[in-house]
Amino acid sequence: MGLLDYLMFAAQKAAMPLHMTKIAFRSESPATLRKWLESHIGNTATNGEARLTTRYKPKRFEEMIGGSLFWIHQKKIVGRSPIIGFQDNGEGRQWIRLEPKLIAVQPLPRRAHQGWRYLEDADAPADLGDGAEGADEIPAEMLGELANLGLV
C-alpha cells in the first residue's frame, strides 16, 4: 500500500462515525422505546432532544458525534437514534444527547451488557429501507428470524 492509498484509507476511516450500543432498559418493546424517544419532541426543558445519563463520558466521544446509539431489545439490535453530542449534566454525570427518534435497522443478535459499548461503522446493522414498511409492528423476535432467513 502506497502513501496515497494509506492517506485515502485513513481519510475514509476518519469520516466514518463511531457508534455505541445500549440495552433498551425498562422498554417493553421497540414501540415503547419509540414512544419514549418521541415524547421529547418539543420538550423545552431538554431542547427537544432525548437524554440518557451515564457515569462517564466515552473517551472517544468526539468520534461518536454524528454516529448513532443502537438499541438492544431482547438480545437483538432493533433500532438506532442519532447522537447529537455529550454534555455534563451538572451533577457529576454525562448526558448522551440523542435525536428523539428510533430508526429501525436490520435486527442483529447482540448479547446483553451493562452500560454502553462502542460499535464500529463497519459492524453496524443497515437501516431497514422503504421495502420494510410496517417493520415496527413486527415483533422483534419474528423480525430477527426473518433477518436470519434473509427475508428482510
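Student: Where is the place of H113?

Tutor: This is a predicted model, in which local features need pLDDT of at least 70, side-chain atom pairs count only at pLDDT 80 or more, and totals for chains, interfaces and linings use all residues. Residues are numbered from 1 along each chain as its sequence is written, and side-chain values use heavy atoms, with hydrogens and water left out. Strands (E, at least two residues) and helices (H or I, at least four) are DSSP runs, numbered from the N terminus. H113 is found in the loop between β6 (103-109) and β7 (116-119).

Student: Is H113 buried or exposed?

Tutor: Buried means under 20% relative accessible area, exposed over 50%, and partly exposed in between, with a 1.4 Å probe and protein chains only. The relative accessibility of H113 is 16%, so H113 counts as buried.

Student: With which side chain does the side chain of H113 make a polar contact?

Tutor: A polar contact is a pair of N or O atoms within 3.5 Å; within protein, one must be able to donate a hydrogen and the other to accept it, and residues adjacent in sequence count only if both atoms are side-chain atoms. For the side chain of H113, the distance is 3.0 Å, and the partner is the side chain of T21.

Student: Which residue in β5 is the bridge partner of R51?

Tutor: Two strands pair if DSSP finds at least two bridges between them. Strand β2 (residues 50-54) pairs with β5 in the antiparallel sense over 5 bridges. On the β5 side, R51 has as its bridge partner R97.

Student: How far apart are the closest N and O atoms in the salt bridge of D127 with R80?

Tutor: A salt bridge is a side-chain nitrogen of Lys or Arg within 4 Å of a carboxyl oxygen of Asp or Glu. Side chains of opposite charge can pair when their charged atoms come close. In the salt bridge of D127 with R80, the closest N and O atoms are separated by 2.8 Å.

Student: How many residues apart in sequence are the parts that this pair, D127 and R80, ties together?

Tutor: R80 is buried, at a relative accessible area of 16%, whereas D127 counts as partly exposed at 35% relative accessibility. D127 lies in the loop between β7 and α4 and R80 in strand β4, so the parts tied together are apart in sequence by 47 residues.
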